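Welcome! Take one topic at a time and look for each residue as you go.

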Number of protein chains: 2
Amino acid sequence: MHAAVLRYFDHVARHGSIRKAADALSVASSAVNRQILRLEDEMGVALFERGRSGVRPTAAGELLLRHVRETQNEYQRTRAEIASLGGTVSGDVRIISLESMLVRFLPQVVDEVSARHPKVTFTVLAVHPSEIGEALRSGDNDFGVLFVDARHRGVDVIAEFPTSVGALMRPDHPLAGRKSLTLTECVGHPVVMLQDRWLLDAIMAMEFSGSGARLSPRVVSNSIEFMRQVIRSGLGIGFFTPIGFIEEIRRGELVHVPLAEPGLAQSRIGILVPRYRRLSPPARLMINHISERLGAFADFLAAPPRRPKRRNRG
Amino acid sequence: MHAAVLRYFDHVARHGSIRKAADALSVASSAVNRQILRLEDEMGVALFERGRSGVRPTAAGELLLRHVRETQNEYQRTRAEIASLGGTVSGDVRIISLESMLVRFLPQVVDEVSARHPKVTFTVLAVHPSEIGEALRSGDNDFGVLFVDARHRGVDVIAEFPTSVGALMRPDHPLAGRKSLTLTECVGHPVVMLQDRWLLDAIMAMEFSGSGARLSPRVVSNSIEFMRQVIRSGLGIGFFTPIGFIEEIRRGELVHVPLAEPGLAQSRIGILVPRYRRLSPPARLMINHISERLGAFADFLAAPPRRPKRRNRG
DNA sequence: ACGGGCGATGCCGAAATGGCAGCACACCGT
DNA sequence: ACGGTGTGCTGCCATTTCGGCATCGCCCGT
């Protein structure tokens with residue numbers, strides 16, 4: 001329905017190069033080039049600055065780009081809305097997520113929703129914390145399952161669940177018997193750390209500003225799965241929300257000791273949506289389901305059992 | 001930039017007929033028809049119900065229609081934004097207004113803004129009160145200069161000015177010497193009325209519910225200009241804001257006696273914008289100017305002088 | 001100096017678009 | 001009963017637009 005030039009323009013801006021964009025679009029670069037030139041002629045201003053290594057949007061280009069992307073997003077949402085008129089929800093849901101949610105919790109939710117609504121497709125991306133704001137505000141994603149942080153602007157929290165960041169370790173670790181820990185108490189014990197530490201940076205700076213002591217990470221990685229194996233093999237303590245390690249904790253393979261620092265003990269995971277954005281039917285569906293499942297985990301999120309318990313299953 | 005089918009689709013929905021739309025678009029009806037058919041094929045659902053006297057959007061058509069119109073509006077706004085990058089503001093401002101503002105106040109403001117910003121064009125429409133909500137929310141208009149009314153939903157008031165609805169009459173009218181009036185006191189005197197009475201209906205129902213007395217309009221019209229002449233010739237009392245009769249009141253040709261009814265004495269004129277709508281540069285410009293000029297009239301709006309005064313002009 | 005990247009352009013075939021005339025159907029007034 | 005008029009729809013054809021290929025001129029790194 002929408003003119004091809006919208007897609008062309010978007011791709012050119014993304015790739016910073018007409019030829020790259022044409023390649024990604026599987027059309028001749030000359031075709032893309034001419035569409036851009038025609039568009040600039042129509043607008044009466046240059047939309048790109050031609051550099052030696054490609055193109056870069058001008059101020060006018062940025063403005064038009066925002067309109068083009070908003071149009072494409074709204075079109076997808078409208079298509080999903082129309083397709084869902086028949087009763088069966090369909091369309092794509094785009095979610096950005098904490099990696100810890102992504103490796104254990106979300107796959108299950110996606111599986112359940114997917115089974116009941118086979119025409120819904122899912123795009124679930126782990127995002128670097130520094131990109132959360134942009135990822136949400138760009139409109140490319142429907143919502144995020146993230147730590148609630150007052151620093152986020154232009155974002156609405158439509159559901160939130162308390163959780164606690166804690167020290168994750170083997171049951172035979174010296175600190176495994178504690179009911180809570182401060183970061184200072186972890187000094188001296190080897191720790192493993194995510195490369196993007198998110199909350200920890202600020203807290204650690206505060207905690208150790210006087211003593212000069214520091215946690216010395218023995219292992220640093222950006223992969224939660226790698227950390228999981230490292231912690232299970234006893235290489236050190238990791239700092240995580242329990243949500244990504246539900247099974248290990250339940251089976252008693254790992255122990256989660258909440259941190260006493262207020263900013264960490266009272267962490268909240270929330271569903272965040274760009275403000276003023278209309279949600280597509282599949283996005284609403286998915287949000288409902290996630291809220292429901294997170295609600296069922298509420299006790300576990302806030303204070304996971306220290307010893308595995310048998311639970312009745314329905 | 002945008003595909004022609006957007007305009008076709010919009011026109012067909014507006015005219016309720018493919019041939020009428022094609023006529024308005026100055027293209028062959030077959031072309032429009034094929035575009036609509038192709039669009040329905042692309043969407044996979046019927047967008048119009050074919051009746052014997054034309055077409056009517058289906059539920060899916062309504063959804064797509066909203067997207068199409070929003071896209072067109074946003075495109076215009078974006079173009080205005082880009083055109084204004086060069087320093088000179090340009091683009092179209094679409095304003096809906098009380099008729100009383102439209103006949104005296106707004107022409108002057110438009111004249112001033114137009115003189116300073118020759119590339120700005122203006123669309124100023126008087127709207128029937130019953131259509132205000134729809135006219136604002138449709139996104140077809142940038143803002144409204146209207147009575148502030150809590151009944152409006154999805155509308156933000158970004159500036160407001162107190163005014164008072166009052167009885168407008170010749171200086172030689174028996175009631176012209178009063179400092180304020182109730183509607184009941186007007187019973188027995190001939191009155192003239194706008195056909196769309198807006199605020200008056202509710203107030204009158206309340207005022208006269210006990211007594212059974214009624215104002216008997218001698219003249220009813222939907223034209224303020226007609227009312228102006230009728231009142232000046234002494235045919236009766238009219239009920240208006242002073243804003244449309246500034247000159248007559250200043251020259252002493254008419255007298256404005258505020259009504260004592262709280263709902264009318266405390267009326268407010270405001271600049272109303274659809275919530276969450278981004279304003280185009282010319283719209284922002286126009287709003288600033290209107291606010292400034294209305295602010296200068298603030299004393300006059302709330303309590304116009306009973307006798308003409310000489311004022312210093314800058 | 002040269003090769004490889006970039007955007008822009010001329011040429012040509014393919015695809016899309018629009019105009020014209022005509023079809024089938026339903027309504028309305030005579 | 002019957003044209004007249006309105007509707008949406010459909011072949012047929014001219015025109016316009018679009019895309020692919022090859023090429024040019026440019027700049028940069030090697």
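Keep in mind that the model is predicted. DNA strand C has 22 residues around it, and DNA strand D is likewise surrounded by 22 residues.

- The size of an interface is often given as the accessible area lost when the parts come together.
- For chain A and chain B, the buried area is about 2600 Å², and carbon and sulfur atoms give 65% of it.
- Three residues, A:M1, A:H67 and A:I82, supply 27% of the area that chain A buries against chain B, more than any other three residues.
- Two salt bridges are counted between the two chains.
- One salt bridge to find joins A:R278 to B:E70, with the closest N and O atoms 2.5 Å apart.
- Ten residue pairs are in polar contact across the interface of chain A and chain B, counting pairs with both residues at pLDDT 80 or more.

**Around DNA strand C**

- Among the residues that surround DNA strand C, the closest are A:I18, A:R19, A:N33, B:A28 and B:R34.
- What part of the strand faces the protein? Of the atoms of DNA strand C within 4 Å of the protein, 57% belong to sugar or phosphate, and the rest belong to bases.
- At A:I18, a polar backbone atom is 2.5 Å from a phosphate oxygen of DNA strand C.
- At A:N33, an N or O atom in the side chain is 2.2 Å from a phosphate oxygen of DNA strand C.
- B:R34 reaches a base: a polar atom of its side chain lies 2.4 Å from a base oxygen of DNA strand C.
- Four elements each supply at least two residues of the surface near DNA strand C: α2 (18–25), α3 (29–43) and β2 (54–57) of chain A, and α3 (29–43) of chain B.
- The largest share of this surface is five residues, and it comes from α3(B).
- Sorted by class, the surface near DNA strand C has seven nonpolar, seven polar and eight charged residues.

**Around DNA strand D**

- The residues that come nearest to DNA strand D are A:Y8, A:A28, A:R34, B:R19 and B:N33.
- Sugar and phosphate make up 54% of the atoms of DNA strand D that come within 4 Å of the protein.
- A:Q35 has a side-chain N or O atom 3.0 Å from a phosphate oxygen of DNA strand D.
- B:N33 places a polar side-chain atom 2.6 Å from a phosphate oxygen of DNA strand D.
- The elements giving two or more residues to the surface near DNA strand D are α3 of chain A, along with α2 (18–25), α3 and β2 (54–57) of chain B.
- Five residues, the largest share of this surface, come from α3(A).
- The surface near DNA strand D divides into seven nonpolar, seven polar and eight charged residues.

**Two residues of chain A to look up**

- A:R277 sits in the loop between β12 (268–274) and α12 (281–296) of chain A.
- Beyond its neighbours within four places in sequence, A:R277 is in contact with A:N73, A:G139, A:N141 and A:D142.
- With A:G139, a polar atom of the A:R277 side chain lies 3.3 Å from the backbone oxygen.
- A:H256 belongs to strand β11 (residues 255–258) of chain A.
- Is A:H256 buried or exposed? A:H256 counts as buried because its relative accessible area is 2%, and the cut-off for buried is under 20%.
- The side chain of A:H256 has a polar atom 3.2 Å from the backbone nitrogen of A:G166, and a polar atom 3.1 Å from the backbone oxygen of A:F240.

Methods:
Residues are numbered from 1 along each chain as its sequence is written. Chains are lettered from A and ligands numbered from 1 in the order in which they are written. This is a predicted model: local features need pLDDT of at least 70, side-chain atom pairs count only at pLDDT 80 or more; totals for chains, interfaces and linings use all residues. Side-chain values use heavy atoms; hydrogens and water are left out. A residue is near a molecule or strand if one of its heavy atoms lies within 4 Å of it. A polar contact is a pair of N or O atoms within 3.5 Å; within protein, one must be able to donate a hydrogen and the other to accept it, and residues adjacent in sequence count only if both atoms are side-chain atoms. Ala, Val, Leu, Ile, Met, Phe, Trp, Tyr, Cys and Pro count as nonpolar, Asp, Glu, Lys and Arg as charged, and the others, Gly among them, as polar. Buried area is the accessible area (1.4 Å probe) that two parts lose on being put together, summed over both. A salt bridge is a side-chain nitrogen of Lys or Arg within 4 Å of a carboxyl oxygen of Asp or Glu. Contact means heavy atoms within 4.5 Å. Buried means under 20% relative accessible area, exposed over 50%, partly exposed in between (1.4 Å probe, protein chains only).
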